[in-house]
Amino acid sequence: MKNLILSAFVIAATTVSCGTVQSIVQNTVPYTTNVLVSSGVPGNQEISVTSSATSFAQYVGAGTSMVQDIRISSAKATATNLSTNGELGIFKSIKVYLSGNNTGEILVAQRTDIGSNIGNTLNLDPDTSKILDQIVKSGSVKARVAYVLKNTATNDTNLTISMRFSSIPASNQ
């Protein structure tokens, strides 16, 4: 009887732990990049800033071979300014591209025709149709933020792009 109860407990614990690992793998993974828009940056001209990302493997533990179908699930831009309230209305457009070692660049999120009184937070339009496995698994992910201002910047503004990625557990083939 003790063996039966112990066996049932071990099976239940194994099932719960496997479900937990699968849940972690399926959850979204955050990534944030920061861009400084300096005072004096001209308007009506595309400006690009590139930054390196941390390894996706940090978030899934054992490595990126555990996941597949990695896609951007959401993207948000937030502006902050030390001298005034950050205002995204200074931007005409914001585009976010991702690339990796020996991969091409892919547009993953964007927003064009940004309103003048939009506030300091704006959801970008993510392209959830793009599978980013090759980029994320390349070992070195880079984010390039390309923006166009409506007019020349009069204050320094920090632009933070927050992205979340989703994936599914890799199939055993």
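**A colleague's note on the predicted model**

1. N44 sits in the loop between β1 and β2. Its phi is positive, about 55°, although N44 is not a glycine. Most residues other than glycine have a negative phi.

2. A word on the basis of these remarks. This is a predicted model, in which local features need pLDDT of at least 70 and side-chain atom pairs count only at pLDDT 80 or more, while totals for chains, interfaces and linings use all residues. Residues are numbered from 1 along each chain as its sequence is written, and side-chain values use heavy atoms, with hydrogens and water left out.

3. Now the overall picture. The protein has 3 helices and 9 strands; helices (H or I, at least four residues) and strands (E, at least two) are DSSP runs, numbered from the N terminus. From the N terminus on, the order of elements is α-β-β-α-β-β-β-β-β-α-β-β. Of the 173 residues, 35% are buried. The accessible surface comes to about 9,600 Å², and 51% of this belongs to carbon and sulfur atoms (Shrake-Rupley method with a 1.4 Å probe; for residues, only the protein chains shown count as cover). Among contacts with a separation of 6 or more, 80% are between residues 24 or more positions apart, where contact means heavy atoms within 4.5 Å.

4. Please look next at the open sheet. Its 5 strands are ordered β2-β8-β4-β5-β7, with antiparallel pairing; two strands pair if DSSP finds at least two bridges between them. β2 and β7 (125-126) are at the edges and have a single partner strand each, so one side of each is left without a neighbour in the sheet. Within this order, β4 (residues 91-99) pairs with β8 (residues 142-149) in the antiparallel sense over 8 bridges. Y97 stands opposite R144 of β8 in that pairing.

5. Strand β1 (residues 29-37) has a covered face made up of V29, Y31, T33, V35 and V37, while P30, T32, N34 and L36 form the uncovered one. β1 runs antiparallel to β9 (residues 157-169), and 9 bridges join the two. P30 stands opposite R164 in β9.

6. Leaving out residues up to four places away in sequence, S51 touches Y31, T33, V141, K142 and A143. The side chains of S51 and T33 also make a polar contact at 2.4 Å (a pair of N or O atoms within 3.5 Å; within protein, one must be able to donate a hydrogen and the other to accept it, and residues adjacent in sequence count only if both atoms are side-chain atoms).

7. On charged pairs, the whole structure contains 3 salt bridges, each a side-chain nitrogen of Lys or Arg within 4 Å of a carboxyl oxygen of Asp or Glu. In one of them, R144 pairs with E105, with the closest N and O atoms 2.9 Å apart. This pair links distant parts of the chain, R144 in strand β8 and E105 in the loop between β4 and β5 (106-112), 39 residues apart. R144 is buried at 17% relative accessible area, whereas E105 is partly exposed at 40%.

8. Another salt bridge joins D125 and R111, whose closest N and O atoms are 3.3 Å apart. Here D125 of strand β7 is linked to R111 of strand β5, 14 residues apart. D125 is partly exposed, at 40% relative accessible area, and R111 counts as partly exposed at 25%. D127 and K130 form a salt bridge too, with the closest N and O atoms 2.9 Å apart. D127 is partly exposed at 24%, as is K130 at 31%.

9. Finally, do have a look at N102, in the loop between β4 and β5. N102 has a positive phi of about 55° and is not a glycine. It counts as exposed, at 82% relative accessibility. N102 and S140 are 38 residues apart in sequence, and their C-alpha atoms are 9.6 Å apart in space.

Key:
Buried means under 20% relative accessible area, exposed over 50%, partly exposed in between (1.4 Å probe, protein chains only).
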